[in-house]
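Let's go through a few labels and ask what stands behind each one. Have a look at the model first.

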Amino acid sequence: MKKVLISTLLLLGLSMNVSAQKHPPAPPHPSKNELINLKAQELDKKYNTEKKLILNHPLATKQMKRDQMKALNKRYQTEKRLLKQAK
């Protein structure tokens with residue numbers, strides 16, 4: 001009888017300890033402005049890398065580079081406008 005009581009108390013104590021460790025506190029959520037600023041930084045970084053790739057391409061002609069840069073600038077401006085509207 002004593003062994004059963006001790007084993008149940010031990011099992012109960014261990015299960016409570018494990019259940020307490022299962023749920024860590026949730027991390028704080030970033031605010032809307034922080035998310036928009038993060039997206040803007042990612043957009044700028046992406047734009048700059050694509051611009052470098054276009055301008056440093058060894059086989060593209062000047063006309064091809066100009067057309068690609070126009071398309072890239074247009075896409076960048078529309079995405080920037082959408083981010084500003086989200087604010």
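Q: What makes R75 count as partly exposed?
A: Buried means under 20% relative accessible area and exposed means over 50%, with partly exposed in between (1.4 Å probe, protein chains only). R75 has a relative accessible area of 38%, so partly exposed is the label. A word on the ground rules: this is a predicted model, where local features need pLDDT of at least 70, side-chain atom pairs count only at pLDDT 80 or more, and totals for chains, interfaces and linings use all residues. Residues are numbered from 1 along each chain as its sequence is written, and side-chain values use heavy atoms, with hydrogens and water left out.

Q: Why is the contact between R75 and E50 called a salt bridge?
A: The term asks for a side-chain nitrogen of Lys or Arg within 4 Å of a carboxyl oxygen of Asp or Glu. R75 and E50 meet at 2.5 Å, N to O, so the pair qualifies. E50 is partly exposed too, at 23%.

Q: Which other pair makes a salt bridge, and what does that pair tie together?
A: D44 and K80 do, at 3.4 Å, N to O. D44 lies in helix α2 (residues 32-55) and K80 in helix α3 (residues 62-86), so the bridge ties together parts that are 36 residues apart in sequence. Helices here are DSSP runs (H or I, at least four residues), numbered from the N terminus.

Q: How exposed is D44?
A: At 26% relative accessibility, D44 counts as partly exposed.

Definitions and conventions. Helix = DSSP H or I, 4+ residues; strand = E, 2+ residues; numbered from the N terminus.
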